[in-house]
Amino acid sequence: MAEKLVSRLWDIPNSFKLKEARKRGAYTRLKKALKMKPEDITAEVKTANLRGLGGAGFPAGVKWGFVPKQSDKPRFLCVNADEGEPGTFKDRQIIEKDPHLLIEGAAICCYAVGLPTAYIYIRGEFFYGKKILDAAIAEAYQAGYLGKNILGSGFSLDMFTHPGAGAYICGEETSLMNSLEGKKGWPRIKPPFPAVVGLFGGPTVINNVETLSYVPFIVEKGGKWFASLGVERNGGNKLYGVSGHVNNPGVFELPMGTSLREIIYEHAGGVRNGKQLKAVIPGGSSTPVLKPDEIDVSMDFDSMMKAGSMLGSGAVMVMDEDTDISEIMHITSRFYAHESCGQCTPCREGTRWMSLICKRIYEGKGRRGDLDLLLNITDNIEGKTVCPLGAAAAMPIRGFIKKFRDELEAKISN
Ligand SMILES: Cc1cc2nc3c(=O)[nH]c(=O)nc-3n(C[C@H](O)[C@H](O)[C@H](O)COP(=O)(O)O)c2cc1C
């Protein structure tokens, strides 16, 4: 059985309270970190092969290293707690059950990179999570883990939560920053990257909740140990959230690189009602679908790319033999059309057209040539927009057509 890290307190009553978390090591890693040289912490995080677990998989230590050491601008950490990718429900577990782990990880990051202010941008619908997090931040201030001169180290840090208003686009890092600044949540053109010009124009690290929650363990046991838990270039554990037609849906913390088959059949209990597996979306709704003969794949960022899909947020959505693929395409495309922020024409217009075409196919009114028309639209969106929302909308549609063309053609010609 793999050692649990970020989920190790989840079954303990009141695990979100400082008293309970402290009994199990909370803030001992911060104490240790504050005695280390900041650059040594970043070096350990690099050695750990800790990848960004919000979806893109960018190495966390490398990102921290991009922040200029000197600058006359204010410097920030943004914690991405927007958790908007459909199918994803892992970050909210950390926030609700072990908020002190996230606060500790965020504080260690701020010390390592020299950031005196942290904002946790939390999805607007997470009322309960925000309440828990705000109470935990207040406890941490009172105990001297946040605020001025933390544990007598000379390092000071302020931390705030900031609720979003429920827009998927505000999970994209630069939209998140615009939203935090009180502006419309539209993505910014990169470069400049946030590490150099981020929140309020200052150097900014942005990391996902899960990413930061692994940092205390790296400080405690070292980067090499963390790297050894996972596979090449993908260190540590990962939270895999399984939903859909399985017997035992839930969030499972397993070593990075656990096979998709093991996740579905061992941990999530296999397909429910004895049905056959038809399709799996492996990493949230924007990742291309896999067929049953493609699930012997290591669930890490690099292997999933090679398999023609993506690890994304690790949100596995399982579909049984009764699933109508045209319905999944209809629901998915409708979501992206609704969530496109409208800044870029190819995404604003293209997602709407894709949604209209998928709807008519699902309703049995599809026209000959619709599948090629959809493919043409995906080509005209991907790579032609400021942010990757357009690609996130195009990739799954292309994947469904590639893998289930016969079924979709049959539906159209009926
Ligand atoms: C449309 C869109 C939505 C996103 N939503 C989220 C989100 O809800 N949570 C998240 O952590 N990252 C999200 N991301 C990824 C962020 O832009 C960014 O890569 C991430 O916060 C970086 O943190 P990490 O390196 O720790 O993963 C989204 C990206 C896009 C393009």
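I began with a helix pair: α16 and α17 pack at an angle of about 170°, and their axes lie 9 Å apart. That angle is over 145, so I logged α16 as roughly antiparallel to α17. I note here that the model is a predicted one.

Next I listed who meets whom. On the α16 side I found D370, L371, L374, L375, T378 and I381. Across from them, α17 brings G390, A393, A394, I397, R398, I401, R405, L408, E409 and I412. I sorted the residues of this contact by type: ten are nonpolar, two polar and four charged.

**Helix α15**

I checked the length of α15, residues 345-362. Its 18 residues at 1.5 Å each should span 26 Å, and the end C-alpha atoms are 26 Å apart, so the two agree.

Which residues of α15 are buried? I got C347, G350, T351, M354, S355, I357, C358, I361 and Y362.

I then asked what covers the buried residues of α15. The cover includes α14 (325-339), α16 (370-381) and α17 (389-413). Just after α15, I noted G364 with a positive phi of about 80°.

**The largest nonpolar core**

This core holds 126 residues. Which of them touch the most other members? They are C78, V79, A106, C109, A118 and V280. Helix α6 (residues 99-113) gives the largest share, eleven residues.

Setting aside neighbours within four places in sequence, I found A118 in contact with F76, L77, V79, A106, C110, L157 and M159. V79 and A106 are also on the list of residues that touch the most other core members.

**Loop glycine G166**

G166 sits in the loop between β3 (158-163) and α8 (173-180). Is G166 buried or exposed? I count 12 other C-beta atoms within 10 Å, so G166 is exposed. Not counting residues up to four places away in sequence, G166 still touches R123, G124 and E125.

**Cis peptide bonds**

I found a cis peptide bond from K190 to P191, with omega near -10°. The bond from P191 to P192 is cis too, with omega near 5°. Where does P191 lie? P191 is in the loop between α8 and β4 (204-208). I placed P192 in the loop between α8 and β4 as well.

**Positive phi without glycine**

N49 is not a glycine, yet I read a positive phi of about 55° there. N49 lies in the loop between α3 (38-47) and α4 (60-65). With 24 other C-beta atoms within 10 Å, N49 is buried.

E83 is another such case: not a glycine, with a positive phi of about 35°. I located E83 in the loop between β1 (76-81) and α5 (91-97). E83 has 23 C-beta neighbours inside 10 Å, so I logged E83 as buried.

Definitions and conventions. Residues are numbered from 1 along each chain as its sequence is written. This is a predicted model: local features need pLDDT of at least 70, side-chain atom pairs count only at pLDDT 80 or more; totals for chains, interfaces and linings use all residues. Helices (H or I, at least four residues) and strands (E, at least two) are DSSP runs, numbered from the N terminus. The expected span of a helix is 1.5 Å times one less than its number of residues. A residue is buried if 20 or more other C-beta atoms lie within 10 Å of its own, exposed if 12 or fewer, and partly exposed in between; C-beta atoms are placed from the backbone. Two residues are in contact if their C-beta atoms, placed from the backbone, lie within 7 Å. Axes are lines fitted to C-alpha atoms, for helices over the stretch in contact, and angles run from 0 to 180 degrees between N-to-C directions. Angles under 35 degrees count as roughly parallel, over 145 as roughly antiparallel, 65 to 115 as roughly perpendicular and the rest as oblique. Ala, Val, Leu, Ile, Met, Phe, Trp, Tyr, Cys and Pro count as nonpolar, Asp, Glu, Lys and Arg as charged, and the others, Gly among them, as polar. A nonpolar core is a set of buried Ala, Val, Leu, Ile, Met, Phe, Trp, Tyr and Cys residues joined through C-beta atoms within 7 Å.
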